[in-house]
Each structure stands twice: as structure tokens, then as C-alpha cells.
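Let's explore this structure together, one question at a time. Have a look at it first, then follow the questions below.

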Amino acid sequence: MGKLDGKIALITGSSRGIGSAIARQFAREGARVAVHGRDTGALAGVVADIERVGGRAIGVTADVTRFEQIESVRRDIEQQLGPIEILVANAGKNFVPPGPLEETTEDGWRASIEGNLTATFLTIKSVLPGMKARKSGNIITISSAAARRPHPRSPIAYASAKAGIQMMTQHLAAQVGEFGIRVNCISPETILTERNEQQIPDNVQQQLVGTHPIRRLGTPDDVAQTALFLASDDSSWITGIIVDVAGGAVMG
Ligand SMILES: NC(=O)c1ccc[n+]([C@@H]2O[C@H](COP(=O)([O-])OP(=O)(O)OC[C@H]3O[C@@H](n4cnc5c(N)ncnc54)[C@H](OP(=O)(O)O)[C@@H]3O)[C@@H](O)[C@H]2O)c1
């Protein structure tokens with residue numbers, strides 16, 4: 001028996017990277033998953049992989065900065081699978097290089113807030129009314145180690161957007177606990193996704209390893225295992241926390 005048997009889960013940004021590892025993990029544990037992204041080819045690949053090993057998945061496409069598109073995806077999932085019981089609001093990215101605040105462009109700042117904080121807000125806004133009506137639900141947000149302490153490698157706009165996600169998570173957890181809804185946040189340090197494997201040069205990866213008490217970088221599965229714990233009844237009395245999946249590079 002799986003830890004998420006029969007549950008319906010939407011994982012935004014699961015066409016690749018961390019989100020795809022979470023979708024695969026949830027499906028292995030018996031959830032019916034909506035795999036989401038914009039790249040339809042990548043989406044179809046993740047859905048096919050899940051189905052090949054006996055899981056159940058559908059692919060859905062939306063820009064998470066557009067509320068009407070998220071609403072359309074939610075209705076689509078409700079029709080094809082049923083009401084969303086677990087939401088992992090994972091879609092997001094960095095839009096700007098690190099550097100002094102005054103050199104951060106206004107466009108880069110706005111894109112960072114829009115593509116992370118506003119996207120997470122809009123996704124939860126779409127799914128929450130159904131969860132409240134059913135008096136049951138589980139929401140997981142994704143922040144970043146960038147938002148846990150100032151660091152020269154962290155773009156200030158991205159860090160600020162992700163810090164907003166942490167406060168939104170805790171504020172929401174306080175609002176909706178009485179409706180049987182838990183809300184928690186995962187805050188990863190550098191994770192070796194396909195994209196990071198390509199973009200971070202080997203020598204920089206080695207330097208980064210040295211900054212982690214556990215001497216390796218994270219994997220998408222490290223985050224997926226944590227998401228599984230938070231999504232399952234194993235964590236039934238935990239809400240409003242921020243979990244650093246960081247190899248000890250961030251503590252407390
Ligand atoms: N990797 C890390 O080291 C790390 C560390 C800390 C936090 N994080 C956070 O973890 C999350 C996942 O990161 P990742 O590294 O796995 O990223 P990734 O490999 O670049 O994948 C990002 C996913 O999000 C989707 N996405 C992004 N913006 C979207 C939008 N506006 N509308 C719809 N889909 C959108 C992408 O869809 P398409 O590609 O299909 O368009 C893709 O599925 C992000 O929130 C990121 O900030 C990552």
C-alpha cells in the first residue's frame with residue numbers, strides 16, 4: 001500500500017527538475033498526479049514514464065502567472081481525476097543575476113516577484129476554495145535557501161520573492177488549519193537538476209559541495225522524499241513549517 005493511495009495531486013512545474021521528481025514519487029506512492037508545465041513535449045515524457053511503471057498521470061498546461069489559465073487547469077483536473085487534494089506549488093525560477101540592489105533591473109525585479117510569489121499565490125487561490133469546502137487538503141510551497149539568509153550568490157529579487165512565499169505559507173497555515181488543511185514549505189539549497197548539471201560548471205559545483213556539511217549537492221529525489229513526508233499522514237500534526245533541504249548549508 002502506498003502512502004498517497006488514491007489521492008489526487010497537482011504538482012506545478014513538474015515537466016522537469018524537482019517537480020518531475022515529486023510527481024514520479026507521488027505516483028509511486030499511489031497518487032493520481034497532474035503533471036504541469038508549458039513544454040508539452042517534456043510533459044508528455046513525464047506522463048509516459050509514470051504510466052510505464054503502472055502509475056496514473058495526466059498532463060496539464062498553463063502559465064502560472066495567469067489566473068484564468070490556472071483556473072482552467074483546475075477545472076480540467078477536476079473533470080479528469082477529481083478534486084485536488086494535494087497541491088505542490090513548485091513552478092518558479094530565477095530571472096536575474098546576483099548583484100547589488102541598484103543594479104537589479106525593474107523588469108527583473110517584477111519578473112521575479114511575478115514568476116515566484118504571485119504564481120504561488122494565484123495557484124493556491126485557485127485550489128483553496130475547494131479544499132476549504134471539503135474541509136481537507138494539503139499544500140506544499142517551494143522556497144529556496146536564497147530566502148533563508150543573505151548570500152552573495154543569491155539574487156536579491158529572487159530571494160525576496162521566495163521569502164514572501166515562506167510568510168505566505170505560514171500565514172495561510174494559521175488561517176486554514178481549522179479547515180483540515182495543512183500548509184508547509186520546502187526550502188532547497190542547490191539541487192542538481194538537469195538544468196543545474198548543465199549550467200553550473202564542474203569547478204563551481206565542487207566549490208559548492210565544500211559549503212555543505214554533508215559533502216554533496218542535493219538531488220531532486222532529496223526534495224521529493226521531503227515532499228512525500230509533508231504530503232502524507234506521516235506528518236499529520238505538522239503545519240506552517242519551512243523545511244531546509246540543504247545538506248546542512250542552512251540551519252534553523
Ligand atoms: N534547482 C535548485 O537548485 C533549486 C533550489 C532552490 C529552489 N528551487 C525552486 O524549486 C522549484 C523548481 O526548480 P527546478 O530547479 O526544478 O526548475 P526547472 O528545472 O527550471 O523546472 C521549472 C519548472 O517550472 C515550470 N515553470 C516555471 N515557470 C512557469 C510558469 N510561469 N508557468 C508554468 N510553468 C512554469 C517549468 O515549466 P516548463 O519548463 O515546461 O515551461 C518547469 O516545469 C522552483 O520554484 C525553484 O525556484 C530550485
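Q: How many residues surround the ligand?
A: This is a predicted model, where local features need pLDDT of at least 70, side-chain atom pairs count only at pLDDT 80 or more, and totals for chains, interfaces and linings use all residues. Residues are numbered from 1 along each chain as its sequence is written. The closest are Gly13, Gly17, Gly37, Arg38 and Gly92, and the number of residues around the ligand is 28.

Q: Which element gives the largest share of the shell around the ligand?
A: Helices (H or I, at least four residues) and strands (E, at least two) are DSSP runs, numbered from the N terminus. Those giving two or more residues to the shell are α1 (17-28), α4 (106-134) and α6 (194-199). The largest share, 3 residues, comes from α1.

Q: Which strands stand at the edges of the sheet?
A: Two strands pair if DSSP finds at least two bridges between them. The open sheet has 7 strands with parallel pairing, in the order β3-β2-β1-β4-β5-β6-β7. Each edge strand has a single partner, so one side of each lacks a neighbour in the sheet; these are β3 (56-61) and β7 (242-245).

Q: How many bridges join β2 to β3?
A: Strand β2 covers residues 32-37 and runs parallel to β3. The number joining the two strands is 6.

Conventions:
A residue is near a molecule or strand if its C-beta atom, placed from the backbone, lies within 6 Å of it.
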